[in-house]
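The following paragraphs lead the reader through a protein model, from its surface to its pockets and then to its charged contacts. Please keep the structure in view while reading.

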Amino acid sequence: MLRALGALDDDNHLTEAGRAMAELGAAPRLAAMMLAANDSSDKALAADLSALLEERDPLGGPDAPADIALRLGLLADGGRDAGRAIARLRQTARHYRRRLGVTDGHRSDAAFDPGAPGRLLAAAFPDRIAARRGEPGSFRLSGGGGARLSPSDPLARAPLLVAASLDAKGAARIRLAATLDPACLPPALAARISETVETSVDPASGEVFARRRRRLGALILEDRTLPASTEARAAGLGAWITADPARLPWHDRARQTQARIARIAAIDASRAPWPEMTDAAIAARLASALVEGTVALERAADLAGFDLAGFLLASLDHAQRTALTRDLPESLELPGGRAAIDYTGETPLASARAQIFFGLDATPQLAGGRIPLRIALLSPAGRPIAITGDLAGFWRSGWAEVRRDMRGRYPRHPWPENPATAPMRRKNPP
């Protein structure tokens with residue numbers, strides 16, 4: 001607490017302010033408040049506040065409103081018929097005014113700045129700055145934890161308070177408080193405010209915006225949305241992508257390209273290091289490209305049209321791209337047509353209508369035979385009729401049964417007895 005009040009430094013040595021507080025001979029919180037007073041009027045007000053905090057509450061009762069300004073009004077009333085509690089408060093206030101060198105002519109019974117009580121109390125209770133959260137009467141304290149006011153209390157809807165007195169029995173209840181303007185904090189407290197600018201992506205619109213937050217301890221004193229600069233948009237969108245790589249446009253070609261590069265990297269160490277192909281690594285590279293300006297995206301919606309497969313290929317050098325195209329092509333170009341290869345499974349799988357593979361007497365090789373390949377023969381309707389890793393063996397042992405079934409269903413398509421020697425036809429009958 002003494003460090004928070006400025007009486008001790010980080011090494012627990014007495015500060016100049018701490019020496020001044022000790023000379024006042026008051027409790028540390030009250031001394032910090034009195035030292036925060038700027039002029040005679042402030043000092044008189046600080047003396048009155050000190051008296052109110054040191055003596056019994058003149059309003060008393062568990063249901064009394066929390067606003068300390070009501071007590072200041074009672075204390076400032078010049079009537080001589082005041083009760084013993086008020087008389088006691090005035091005597092204590094005079095005691096503190098004398099310590100501060102303030103005469104009765106500077107009493108705070110004149111109209112004071114409405115924000116002054118909160119500003120002075122903040123110097124005494126930096127750990128009890130209270131920001132409203134959610135429902136009226138619920139507050140979060142800068143020192144951590146929460147406190148409550150009755151929802152019917154006039155201060156229950158105040159955005160920011162200083163809780164000068166707390167009843168800590170059960171849930172902390174605020175007994176005395178003053179409203180606080182975050183722009184008028186005591187200098188020592190204002191110096192502890194940290195400011196951050198964070199970028200976020202609106203999940204509904206996909207727009208990138210900046211949010212400036214001013215914090216005091218556990219509290220957010222100010223939270224404003226600002227237009228994001230080009231650099232901030234790039235950084236914010238990159239952070240949004242890296243937080244969840246599933247947000248990338250994972251179209252089929254992107255997944256296939258990712259799998260192709262990962263497979264060849266696992267068997268080819270002769271070239272420059274291949275880029276890492278995990279989802280997280282790809283997201284991180286795209287985030288860096290956004291910040292560097294080599295990729296230009298303005299909002300999350302722009303990702304839908306982004307060529308992620310092209311981005312992955314661009315991360316390879318010329319030799320790597322050449323090796324990838326030669327050893328792990330996107331499809332097999334056969335005399336009978338094209339068979340697309342799916343690299344995302346455990347073993348790459350080339351799929352096409354059975355007629356596309358006629359004339360092949362062996363399973364095509366990938367990467368010179370270093371990566372196995374399976375063949376999926378499809379019916380004219382596009383349904384698998386056989387999957388094999390040994391095409392020559394299938395023609396010899398499994399084809400006859402498939403041929404009998406397919407000839408009955410699709411008589412207008414060719415179903416030769418020996419597909420390995422059948423002439424390949426570029427176009428099949430309808």
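A residue is called buried under 20% relative accessible area, exposed over 50%, and partly exposed in between. The model discussed here is predicted. With a relative accessible area of 36%, leucine 59 falls between those limits and is therefore partly exposed. Leucine 59 sits in the loop between helix 4 (40–54) and helix 5 (68–76). Together with Leu70 and Leu74, Leu59 makes up a nonpolar patch on the surface, and the accessible area of the three together is about 220 Å².

Which elements each supply at least two residues of the lining of the largest pocket? They are helix 4, strand 4 (160–167) and strand 5 (173–179). Strand 5 gives the most, with 4 residues. Sorted by class, the lining of the largest pocket contains 12 nonpolar, 5 polar and 9 charged residues.

The second largest pocket has a volume of about 250 Å³. A set of 16 residues lines the second largest pocket, and Leu5, Ala32, Ala36, Ala123 and Ala188 lie nearest its centre. Helix 1 (2–5), helix 2 (16–24), helix 3 (28–35), helix 7 (116–124) and helix 8 (187–190) each supply at least two residues of this lining. Helix 8 gives the most to the lining of the second largest pocket, with 3 residues. By class, this lining holds 14 nonpolar, 1 polar and 1 charged residues, whereas the lining of the largest pocket includes 9 charged residues.

Attention now turns to the charged contacts. A search of the whole structure finds 23 salt bridges.

Glutamate 222 has 22% relative accessibility and counts as partly exposed.

Aspartate 327 and arginine 370 form a salt bridge as well, their closest N and O atoms being 3.6 Å apart. Aspartate 327 lies in helix 13 (residues 318–327), and arginine 370 lies in the loop between strand 11 (349–353) and strand 12 (374–378), so the pair ties together parts that are 43 residues apart in sequence. Are the two partners buried or partly exposed? Aspartate 327 is buried, because its relative accessible area of 9% is under 20%. Arginine 370, at 47% relative accessibility, counts as partly exposed.

Some salt bridges share partners, and these join Glu195, Arg212, Arg214, Glu222 and Arg224 into one network.

Key. Residues are numbered from 1 along each chain as its sequence is written. This is a predicted model: local features need pLDDT of at least 70, side-chain atom pairs count only at pLDDT 80 or more; totals for chains, interfaces and linings use all residues. Side-chain values use heavy atoms; hydrogens and water are left out. Patches are made of residues with over 30% relative accessible area and no salt bridge: like charges are joined within 9 Å, nonpolar side chains (Val, Leu, Ile, Met, Phe, Trp, Tyr) within 5 Å. Accessible areas come from the Shrake-Rupley method with a 1.4 Å probe; for residues, only the protein chains shown count as cover. A salt bridge is a side-chain nitrogen of Lys or Arg within 4 Å of a carboxyl oxygen of Asp or Glu. Buried means under 20% relative accessible area, exposed over 50%, partly exposed in between (1.4 Å probe, protein chains only). Ala, Val, Leu, Ile, Met, Phe, Trp, Tyr, Cys and Pro count as nonpolar, Asp, Glu, Lys and Arg as charged, and the others, Gly among them, as polar. On a 1 Å grid over the protein atoms alone, a cavity is a set of points where a 1.4 Å probe fits but cannot get out, and a pocket is an open set with protein on both sides within 12 Å along at least five of seven lines; lining residues have an atom within 4 Å of a point. Grid points are joined across faces, edges and corners, and a volume is the space filled by probe spheres set on the points.
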